[in-house]
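Please consult the sequence and the model alongside the text.

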Amino acid sequence: SVYAETRRFCDYAFYLLHEVSGVSIEDIDDSLFDIHDNLSDPQLGYFDATLDDKNMSLRDRMEIICNTARVRYWNVGIKWFFTREEAKPISSMMFNRRNLSAAKAYRFAQSFKRPSDYDGVTIRYVDPESNSESQIYRSVRDDGTIISEEGNNSLEFNMTVGCRNEFQATNRAELEVRRLFRQNIKVTDVALADALEMQIGERVDYVDIFDGDTFDGEILAVNGNTYTTSDRFEPVSNFTYYVYVTDVNGNISNSVIATPRADGNLFGFEAAGLNGAYLAGGEVQSGSRYVIATANDLSATSYIATGRGRPNAQGECSIELAEYDPLMFEAD
């Protein structure tokens, strides 16, 4: 193959995988180039470095290349996949008590800001004109205002290998400073076989099955605006509740107001204008999954998939999730 000079991270990653390491083209997912093609500015996919350390592993090299473009990679078998840390407007799947292993222990960790925590970030990169190290600073004032100054206790990101682009370094600083106070919740749980469809970097919805303020389960029957469900819906008075469901492809529906059934049946709800609900039958083994919660609780269920373990003999595997807040990406 003949390669032209390039500073696109995707070209360098492809060359390293295919030409240097012998990975077949079929085992390099198209997401590598799709990410670059969909960047808001091509400078965000810039990479300029020579990785000539013979002792550096393939994964170490890929980590450096992808890191400059806010990209993560992972493997499923011998195939390489890629995803970029950016806003994800649509949730791809839902985890609730119908596909979480209730018998397994789970961890729900929420961090709160302390005086000793980071109050800013420092991005180190190479200035292309002076060919010397330079820094981009962002910090957060007590009132939440983000300023272009060094913090008292800054978290440092070394991008001096690969990043010779102020625009790219600034973009990374804007993301990381927002992550400091907008991504405080992490979840580790065990899911059933559904989790094998989850891709790293996807936005997913997660329902804490031990949270009594959120109701979820499976749709068993539909009659007009009246739904029969696998689990109870016992709302607290003076609160407005909303429901959404998954359609047959696993996509999340619109969200509409849910009220108790007029006939007093606790195993169900009433909702007008809810789209996408389907029932089990034929080759479909389970019906739509649903979530009912107040508006605040619904917005708190969005996460980014950050890790997935290997399935055990029962098809269960661990999942790792981090809080998703679209405001982390408001500077994009």
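Arg-179 counts as buried, because its relative accessibility is 17% and buried means under 20% relative accessible area (exposed is over 50%, partly exposed in between; 1.4 Å probe, protein chains only). The residue belongs to helix H4. Beyond residues up to four places away in sequence, Arg-179 touches Glu-85 and Met-328, contact being defined as heavy atoms within 4.5 Å.

The model is predicted: local features need pLDDT of at least 70, side-chain atom pairs count only at pLDDT 80 or more, and totals for chains, interfaces and linings use all residues. Residues are numbered from 1 along each chain as its sequence is written, and side-chain values use heavy atoms, with hydrogens and water left out. Helices (H or I, at least four residues) and strands (E, at least two) are DSSP runs numbered from the N terminus.

Ser-139 is placed opposite Ile-147 of S7.

**The six-stranded sheet**

A further open sheet has 6 strands in the order S14-S13-S16-S11-S12-S15, with antiparallel pairing. Strands S14 (256-258) and S15 (268-270) each have a single partner strand, so one side of each is left without a neighbour in the sheet. From one strand to the next the twist averages 45°. Thr-228 is found opposite Gly-268 of S15.

| Strand pair | Sense | Bridges |
|---|---|---|
| S1 and S2 | antiparallel | 6 bridges |
| S6 (132-140) and S7 | antiparallel | 2 bridges |
| S12 (226-229) and S15 | antiparallel | 3 bridges |

In helix H3 (residues 58-68), the buried residues are Arg-61, Met-62, Ile-65, Cys-66 and Thr-68. They lie on the same side of H3 because they cover an arc of only 160° around the axis, the arc being that of the directions from the helix axis to the C-beta atoms. Their cover includes helix H1 (9-20), strand S1 (71-76), strand S2 (79-84) and helix H4 (166-182). Just after H3, Arg-70 adopts a positive phi of about 60°.

S1 and S2 form a hairpin with 2 residues between them, and Gly-77 in the turn has a positive phi of about 65°. Within this pair, Val-71 is opposite Arg-84 in S2.

**Nonpolar cores**

A nonpolar core is here a set of buried Ala, Val, Leu, Ile, Met, Phe, Trp, Tyr and Cys residues joined through side-chain atoms within 4.5 Å. The largest has 21 residues, of which Phe-9, Leu-32, Met-62 and Phe-82 touch the most other members. At least two residues of this core come from each of H1, helix H2 (31-37), H3, S1 and S2. H1 supplies the largest share, 6 residues. Leu-32 is in contact with Phe-9, Cys-10, Ala-13, Phe-14 and Phe-82, leaving aside neighbours within four places in sequence. Another core, of 15 residues, lies apart from the largest one and includes Ala-191, Val-204, Tyr-303 and Cys-317.

Notes: Two strands pair if DSSP finds at least two bridges between them. Axes are lines fitted to C-alpha atoms, for helices over the stretch in contact, and angles run from 0 to 180 degrees between N-to-C directions.
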